[in-house]
Amino acid sequence: MPNTGGISVDIELTINGERTTVEAGSADDLATVLRQHGYIGVKCGCDGGTCGASKVFVDGEVRMACGMAPREADGSEIRTVAALGTQDDLHPVQQAFVDNFAVQCGFCIPGMIIQAVALLDSNPDPSEREVREALSDNVCRCTGYQKPVEAVLDAAGRMRGEQSVAADGGQPASGPPQPGESAGCCGGGCDE
Amino acid sequence: MSHMQIELELNGETETFEASKADSLLDVLRANGYTGAKRGCDTGACGFCTVHVDGEPVTSCVTPVAKADGASVETIEGLGEQDDLHPVQQAFVDNTALQCGFCIPGMIMRSTALLDENPDPTEQEVREALSDNLCRCTGYKKIVEAVLDAADRLEGERAVATDGGPQDDADGRMLDSGCPPGRCDCSGGEP
Amino acid sequence: MSEDDEPAKPDGGTASQSDPVEDERSEEHPLEWDEPENNDKAPDERDSVSHRAEKYDDRKLVTGQAKYTADYEERYPDLAYAAVVRSEIPHGRVTDIDTSTAEAMDGVEAVLTPESDAVPDAKYTSAGQSYPEPSPWDMHVLNEHVRYIGDPVAAVAAEDRATANAAVEAIEVSYEEDDYVTDPEAAFDSDAPQLFEDDEVENEIVGHDYNRNRMAHIEGELGDVDAALDGDAHVHETEWETIRQSHANVEKHTALAYTNEDDRHVLITSTQVPNHTRRQLAHLFDIPIRDIRVTKPRVGGGFGGKQAMVVEPIPLALSLATDRPVLYEASRQEEFYAMRSRHPMKVRTRTAVTDDGDIEAIDIYALSNTGAYGSHGMTVAGNVGSKPLPLYSKVPNVHFEADIVHTNTPQTGAMRGYGAPQGTLALEGHLDEVARDLGLDPIEFRRRHHMEVGDLDEIAGMMGGEGANRRIRSCGLSECIERGKEAIGYDDLEQPDADHLHRGIGMALSAQGTGVAGDELGAAQIMMNEDGSFHLQVGGVDIGTGADTAFLQIAAEVLGCDEDDIIVKSSDTDVTPFDYGAYASSTTYISGMAVKKAAEDAKERILDWGSKLLDEPVENLETGDGTVYSENSGDSVTLEEIGYEAAYGDDEREHILGKGTHCTEESPPPFAAQFVDVTVDEETGEFEVHKLVVAVDCGVAINPGMAEGQIEGANHMSYEMAVSEGITLDDEGRAEVSDFDEYGLPSATETPPIESILVETHEPTGPFGAKSVAEVPTNTVPPALSNAVRDAVGVRIREMPITAEKIRAKLDERGG
Amino acid sequence: MSDSEKASDLDDGTDSARAEEEKAATSGTVDDAASEPDRKAPDERENITTNAEKDDARKIVTGEARYTADYRDRFPDLAHGKVVRSDIAHGHVESVDTSAAEALEGVDAVITPFDDVVPDKLYSSSGQSYPEPSPWDLTVLREHVRFVGDPVAAVVAEDPETADRAARKVDIEYRELDAVFDPEEAFDEDAPQLFEANEVENKQSGADYSRNLESHFEGEIGDVDAAFENAGDRDNARVIETTWETPYQSHCVPEPHTTIAYTDEDDRHVFITSTQVPFHTRRQIAHLFDVPIRDVRVTKPRIGAGFGSKQEMAIEPIAFALHLAAGRPVKLEMTRREEFTALRFRHPMRMRMKTAVTDDGDIEAMDLDTLSNSGAYGTHGMTVANNVGTKPLPLYPRVPNVRFSGDVVHTNLPMGAAMRGYGAPQGHFAVESHMDEVARRLDLDPIEFRLQNAVREGDLDRSVAILKDGDRFTRKIRSCGIRECVRRGKEAIGYDDLEQPEADHLHRGVGMALIAQGSGVAGKELGAAQVKMNEDGSFHLQVGGVDTGTGADTMFSQIAAEVLGCPPEDVVVIAADTDLTPFDYGAYASSTTYISGRAVKNAAEDAKERLLEWGAKLLDEPPEVLDTGDGRVYSRETGNRASLEEIGYEATYGDDQREHILGDGNHSTDESPPPYGAQFVDVTVNEETGEYDLNKLVFAADCGVAINPALVEGQIEGGEHMSLEYATSGGLSFDDDGNPDVLGFRQYGMPRTTDHPEMETILVETHEPTGPFGAKSIAELPTNGVPPALSNAIRDAVGVRLTELPFTADDVKAALDEQAGGER
């Protein structure tokens with residue numbers, strides 16, 4: 001329930017294309033409000049604005065939702081990681097993270113993907129250094145950043161159409177074939 | 001849909017609920033987590049939704065919530081706890097007077113109402129009192145026996161273990177009561 | 001990590017080397033392992049194993065749909081939120097807690113103090129280990145005797161977070177302060193303030209001496225070290241110091257407790273050890289084990305920080321008190337000052353080495369600062385010796401000793417590597433120094449001594465008795481070194497043009513274990529659906545590593561189906577079989593083997609049905625490609641056909657089930673060779689790490705993509721240990737770090753590129769030849785970087801972290 | 001004991017030996033049973049034949065037990081469904097105007113047969129084996145409607161009220177077709193036809209949809225016509241024929257059909273639903289919606305009883321389609337009116353029974369024919385009609401010539417389906433009333449006449465398999481307490497010293513009926529279970545078996561506890577969740593104790609082996625001398641013992657070796673041993689008014705060994721209640737357009753406390769070697785007895801025979817008047 005520590009206000013948001021009015025306790029930050037409305041892709045990894053797990057687009061700008069007062073966002077347009085792609089139809093950046101094993105515990109990944117998408121919007125062909133710079137305020141504890149950086153570079157390539165992505169998102173051209181690919185629709189299990 | 005505030009003295013506590021004019025008392029109870037009362041017919045014909053309003057057993061599915069505003073309402077949640085059952089509840093358990101259990105909360109609320117006004121009913125009186133409460137599983141036999149058993153328990157309540165159980169055993173499980181296998185009749189054979 | 005150094009086991013393990021004994025050992029620990037058929041598969045025979053199968057939860061993770069503990073909030077409309085009042089003094093007694101203001105606040109559901117009925121007063125350890133835990137029972141859920149700034153004193157449940165936090169602020173705690181001590185050496189003094197009275201600890205550990213704040217002392221020896229040190233060989237001695245490192249899990253410790261409609265006390269919690277937590281809660285709260293259900297959703301990293309029942313008792317107590325579901329989510333500040341951290345240690349290494357470079361003796365002594373409480377204290381210290389020393393199993397005289405001491409500082413615990421990082425720094429830094437002293441190539445020097453296939457390693461068992469000795473059946477160290485050298489360009493290193501810049505390369509070896517030898521258990525069950533798919537229920541715990549995916553691959557390899565045809569349900573104590581949990585690098589090896597056994601059990605039944613349908617003897621049949629096929633006739637029948645026939649057939653029917661349970665005395669070491677390429681500015685002492693290369697032998701990598709991920713993440717953590725201050729404390733032992741921006745976790749820009757190399761060997765005791773991988777790369781960057789700096793500018797940094805200032809100071813020292 | 005030994009051992013010297021051996025060869029059961037120390041004397045039993053408290057009893061009496069609708073609070077964004085149903089008996093939907101409904105605020109979606117989310121596949125809702133022995137003649141929503149109540153469209157909205165209002169705003173135009181309501185008329189060539197050839201798949205034997213014939217079947221043993229001819233020619237024998245008729249009966253399930261459908265965070269399509277058949281529903285949903293079985297999870301919470309009406313995927317597909325359309329969790333809950341008009345019922349039937357009998361009471365031939373009104377669709381049509389003969393005829397397995405035939409016919413009325421007894425109540429009414437009539441016409445004591453011909457232990461029963469080829473399902477009767485049932489029943493009802501009332505116009509009589517059922521569907525069942533030991537010596541039991549309120553979960557825990565030697569409350573039962581528990585065919589055909597219970601026993605024994613191994617380690621004695629009991633493993637020789645808790649901790653945390661003690665078990669069999677019963681009714685009839693009073697019901701049952709006697713009594717008393725209703729009240733009626741007259745409990749005569757006579761329940765214990773600890777089934781048996789026993793009692797009291805259920809005072813009066821007229 002909203003943190004009614006003090007008064008609560010109604011704010012107008014357009015979240016992932018849907019206009020809605022949400023109740024926000026004065027003690028709430030934007031991340032809390034978004035999470036309360038089911039946008040759990042917005043993660044909270046710190047006590048405010050230091051880990052990047054809560055990154056979302058606010059009117060096109062990357063913001064850490066946990067460091068933002070709801071009022072500040074009143075009337076604005078918000079995009080969370082949930083708006084990028086679906087599990088069967090991933091955004092190229094999401095697909096690249098999957099294919100490059102850039103995901104372990106995954107808690108920091110939504111924020112990192114939002115940041116990566118922002119980067120590639122402004123700079124479709126970044127250098128490794130530029131990728132690292134862009135991700136420098138996203139804390140990750142599992143990956144050593146190695147594969148996330150590779151994933152973003154791979155995604156850049158895909159988005160520039162240098163690598164064709166299989167319809168199912170498939171594997172990066174480099175990756176070995178999936179065991180499943182040889183088998184039929186259900187691992188050869190069905191007799192059609 | 002027009003909304004209103006309903007205040008109930010619910011199981012001893014004053015509570016206020018959002019409700020729409022069309023709502024029955026059952027609608028409001030169930031929407032607020034009091035799911036003990038069951039929805040069986042919406043016409044007051046099965047008795048599954050029986051609760052007490054100002055001490056009287058009513059079928060809450062045909063009681064407009066507006067009519068209950070300000071009233072004191074007792075539901076099954078107000079009776080006993082699982083480890084501290086009301087004697088009537090304990091009697092239903094010990095007599096295996098339940099199967100699917102869907103009718104039981106209503107059955108028990110009706111029974112407590114009966115025993116409040118008639119602490120020592122005859123079998124026929126019990127049957128009369130429960131005649132508006134349907135049960136599809138038990139053939140009523142063990143239920144009637146349970147209510148008669150409960151009357152005795154209530155009578156000698158002080159003598160009964162605090163959990164209302166027939167034996168000293170903390171959770172009153174028959175297995176623990178050391179009944180000889182196969183010859184256990186603490187499920188209330190013929191009274 | 002090695003819990004085989006158990007107090008219960010007295011044998012000091014002065015194992016003689018004489019041949020008859022050696023022969024007995026050979027029988028006890030044969031080189032040949034009678035390996036189940038199909039366990040050793042050539043690469044081209046593998047269908048699922050060693051393929052880069054997509055991590056099964058990745059699509060949820062990248063779309064933000066995966067659910068971590070806090071994401072279950074919405075499911076409990078009447079959820080209450082917990083917050084904890086923590087000690088503000090380093091040492092003392094709580095004399096009074098005024099909760100009246102807090103209790104009067106609107107929306108406050110309950111306030112608990114050490115006196116509350118809902119709060120157990122039993123002593124326990126939070127360590128998620130075997131039972132009884134090899135850690136002292138020295139903790140209380142809430143404390144009247146506080147021992148560090150952060151000790152929990154009271155807890156609150158309120159209808160929203162803000163109210164809970166406000167209530168915490170409103171609680172007044174009065175203390176009677178005691179003297180405190182924060183330095184381990186000082187604490188060891190007989191007249192130092194004492195943290196524990198004798199009656200404040202149960203299940204004490206070997207060598208404890210609470211008058212001197214010592215919670216444990218351990219020691220073990222092979223051969224006669226003193227004699228060797230007194231001999232003609234050069235004696236080298238070095239001292240090393242390591243930081244207090246934070247796990248910095250991105251997901252904070254979070255637990256949600258409620259009682260469901262079946263009267264089951266349920267905990268949804270971010271843990272590595274669901275079954276241990278279930279047992280510990282049962283004992284602590286005096287609830288039958290059977291009435292508790294611990295389940296783990298997605299977990300945002302553990303690294304050992306969640307190999308403990310750290311927060312679960314608080315929401316459970318509050319839930320019992322309020323009769324509502326309660327969520328406790330630690331704050332990031334609490335993570336840094338009140339949860340767990342890596343034991344800071346001082347380690348002394350002595351060796352006796354002949355002029356031509358034969359190591360005659362190694363002696364390591366560790367002083368471990370376990371902080372205010374003793375969870376994992378003894379076992380972590382044990383690993384300082386028992387993990388790295390076996391690298392040199394040919395050395396005849398080995399001695400290891402450690403003191404584990406309490407101070408009024410934040411609590412330590414299990415952390416990835418589990419003592420091995422501290423020990424590896426002390427050993428690999430030392431040997432590099434020795435080699436350079438002797439003018440030997442440090443790598444060649446290592447080669448002469450390091451472990452090989454066939455060795456009988458008695459060092460791992462040095463403190464655990466001979467039972468813990470082990471035969472080395474797979475060892476890729478040489479190839480790790482070769483490929484690492486190549487990748488880092490060891491032999492053709494270009495020096496920078498600028499004279500004040502010097503480039504150097506450092507190398508370090510490492511060995512870990514694969515599970516706790518003789519103290520693990522994993523189990524799994526498989527059910528076949530009529531459409532030829534399977535449900536796999538396994539106790540093993542995936543904390544983000546991809547273990548669930550590895551389980552799927554192992555099962556799929558056996559059952560001959562696609563990973564997607566298996567639905568995995570893991571780590572739910574009501575539903576899945578038992579498992580010790582995700583620690584000690586055990587998951588693939590122990591839980592994975594249990595999965596393999598369960599799958600083979602089910603496969604037997606599948607082949608039986610296959611032989612019915614194909615009318616061929618079982619011996620001819622195999623599974624693959626979603627079918628059972630005959631190697632003779634080539635006939636085949638799909639798993640789906642078998643599923644439907646078994647479930648609905650006319651003749652007779654069976655639900656095809658399989659079960660497997662696995663335990664072993666074995667804990668084969670995975671190996672790593674770390675290389676660091678650094679350039680140091682001799683004027684400023686500033687240095688730049690160009691590249692980290694780490695080559696790892698983890699046997700057969702079930703999923704190379706995930707194995708690389710483990711290596712890179714571990715190496716990052718290891719790099720942090722080499723260059724970051726970690727959690728620094730003020731004089732009162734108060735953590736000076738309260739959020740990520742104050743903690744030196746290397747960012748993407750600060751982290752050098754990491755090249756991970758997988759060196760495949762075949763470990764006959766592991767599922768399809770697998771060993772572990774998660775911990776070994778955590779051990780190596782501090783020594784390798786220290787060695788690289790030494791290589792570049794000739795100075796040696798022994799006290800972590802390695803900083804420009806320290807290098808500069810050493811350079812000046814040398815200059816002056 | 002080997003198969004053949006066992007077979008010959010039981011061989012009664014008839015030509016059954018061959019059959020026996022075949023059976024022994026094809027089914028392991030006999031051997032399993034023989035090789036088990038299964039028979040326990042009462043004093044050896046720790047946890048069976050004890051009245052263990054029903055595991056959910058305390059939750060039920062405190063109102064905390066959660067039924068499907070009670071999960072509403074778990075889903076903050078739960079939407080509510082409502083079905084729009086046909087108000088004509090037969091026709092085609094021309095158009096559905098959903099605009100007004102969709103325009104309502106809070107409406108998520110309105111779906112019609114023409115929507116993509118609504119599958120147009122044909123299927124059967126019957127929860128049976130695969131492929132179902134029922135025609136695939138249903139679609140989720142119907143463009144071709146066949147009775148008043150057929151689902152045409154459905155609405156999903158944010159709250160129930162909005163859903164109702166929206167449903168009323170859905171405007172449907174029909175092209176009406178002629179309808180037919182009488183099964184005999186439906187048979188005519190020129191009767192309106194319900195199904196075109198292409199509207200049915202998986203047709204059943206003898207189907208002829210041009211004559212609305214869903215199925216025809218017949219089977220014969222010996223030569224019945226010859227036997228009748230022969231008897232007709234002799235004067236020491238005669239042929240007697242009678243006809244009988246039964247009405248629709250409603251299950252009156254206390255909890256209306258309710259389903260919550262959603263998709264969880266692991267993309268699993270989850271159904272929380274009040275069903276008796278979770279695994280069949282999972283398979284059917286998967287096939288119907290073309291999603292893989294592995295992606296569907298069906299779980300059942302507490303169930304407000306099923307009685308067969310939930311052996312059906314009755315509403316789950318609509319709930320799922322609405323979920324897919326709304327994209328959020330959806331709850332679909334039937335109203336009582338829908339339960340009475342649109343869901344499922346017991347098939348109305350007309351039966352003809354004919355026997356050839358000698359004057360001294362030997363039955364030479366039996367011929368039973370039934371016409372079943374299947375209503376608009378064929379779910380369970382053929383299989384229910386089959387049971388009309390195959391359940392009661394085996395009461396008389398020694399009769400050499402037997403014929404049984406039947407027709408199952410469609411009409412534009414609600415669907416017949418599975419209902420407790422499953423054809424046996426109709427069959428017993430015909431057979432047991434007929435036998436009584438025969439005895440009275442021969443001037444024989446009806447009870448003696450019955451016992452003269454009735455089944456005995458060791459009999460070989462062919463009539464149970466009369467519709468099947470070969471001897472595979474011919475069954476050996478290994479336990480039969482029917483004579484003891486009659487003896488004790490007679491005593492309890494006071495058969496031999498019945499006092500007549502003072503008043504001349506009041507006449508008292510006693511009637512009796514013998515009863516048999518089965519224990520599961522022979523050769524068509526499967527149950528499985530897993531046992532896991534916790535370190536504190538408690539166990540988790542995962543079992544597919546479905547507790548619909550009967551207390552099955554408690555029974556499972558007792559069986560497991562009896563094997564493992566711990567108290568039942570140390571067995572945590574996790575049941576009937578397709579993701580978490582092994583497979584099970586579900587709760588029907590009285591199979592749960594016999595099949596699922598046996599699987600539990602097998603699983604527990606598998607775990608016990610490991611227990612004894614560990615016990616052997618700890619006690620340092622061979623496993624052979626060890627056993628479990630009283631929370632321990634103990635030595636029969638030394639008396640040494642280790643508690644299960646010690647073993648649990650040692651196995652989990654021991655130094656030497658560790659193991660998670662697991663057990664699993666499966667059970668499938670060709671056996672289906674009949675439980676037996678004798679129903680007695682004591683009635684007083686007023687010959688002036690025809691009114692009658694039931695003085696007492698006595699039911700004596702042989703269900704083998706009763707695992708939990710109190711729960712068994714509950715089953716009997718509840719079954720008799722349903723049987724009492726069948727005989728005395730209830731039934732549905734319709735107007736000329738097929739519109740239902742009964743819309744709720746008020747119009748439907750379900751007996752209340754005050755309508756119930758005294759009941760006495762007697763358990764006669766026998767030992768069934770093929771059942772767990774000697775158990776057979778009980779749930780359905782007592783549903784069959786009151787109609788024939790009451791018909792016989794009234795005949796006994798005032799000499800008239802009632803042949804049409806239910807019996808009203810007017811029927812009795814009419815019969816009396818007719819009798820009087822006949823005498824005049």
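## Contacts around D:Glu176

Two residues are in contact if their C-beta atoms, placed from the backbone, lie within 7 Å. In this predicted model, D:Glu176 meets that condition with D:Ile88, D:His90 and D:Gly91, once its neighbours within four places in sequence are left aside.

D:Glu176 belongs to strand β6 of chain D, which covers residues 171–176. Is D:Glu176 buried or exposed? D:Glu176 counts as exposed because it has 12 C-beta neighbours inside 10 Å, and a residue with 12 or fewer falls in that class. Another residue of the chain, D:Gly586, is 410 residues away from D:Glu176 along the sequence, and their C-alpha atoms are separated by 39 Å.

## How the chains meet

Four pairs of chains are in contact, and among these pairs chains A and C share the most contacts. Other pairs do not touch. No contact joins chain A and chain B, and their closest C-alpha atoms are 16 Å apart. Chains B and C likewise have no contact, with closest C-alpha atoms 10 Å apart.

Chains C and D do meet: 42 residues of chain C and 43 residues of chain D take part in the contact. On the side of chain C that touches chain D, the elements giving two or more residues are the strands β19 (522–528), β21 (566–570) and β25 (657–662), together with the helix α16 (639–648). By class, this side of chain C holds 16 nonpolar, nine polar and 17 charged residues.

## Confidence in the model

Chain C has an average pLDDT of 94, and 96% of its residues score at least 70. For chain B the mean pLDDT is 84, with 81% of residues reaching 70 or more.

Both chains also contain a stretch where pLDDT stays under 50: residues 1–18 in chain C and residues 158–191 in chain B. Beyond four places in sequence, the model has 58 contacts for the stretch in chain C and 65 contacts for the stretch in chain B. Where pLDDT is low, predicted coordinates should not be read in detail.

Conventions
Residues numbered from 1 in each chain as written. Chains lettered and ligands numbered in written order. Predicted model: local features only at pLDDT ≥ 70, side-chain atom pairs only at ≥ 80, totals over all residues. Helix = DSSP H or I, 4+ residues; strand = E, 2+ residues; numbered from the N terminus. Nonpolar A, V, L, I, M, F, W, Y, C, P; charged D, E, K, R; others polar. Buried ≥ 20, exposed ≤ 12 C-beta atoms within 10 Å, placed from the backbone. pLDDT = per-residue confidence, 0-100.
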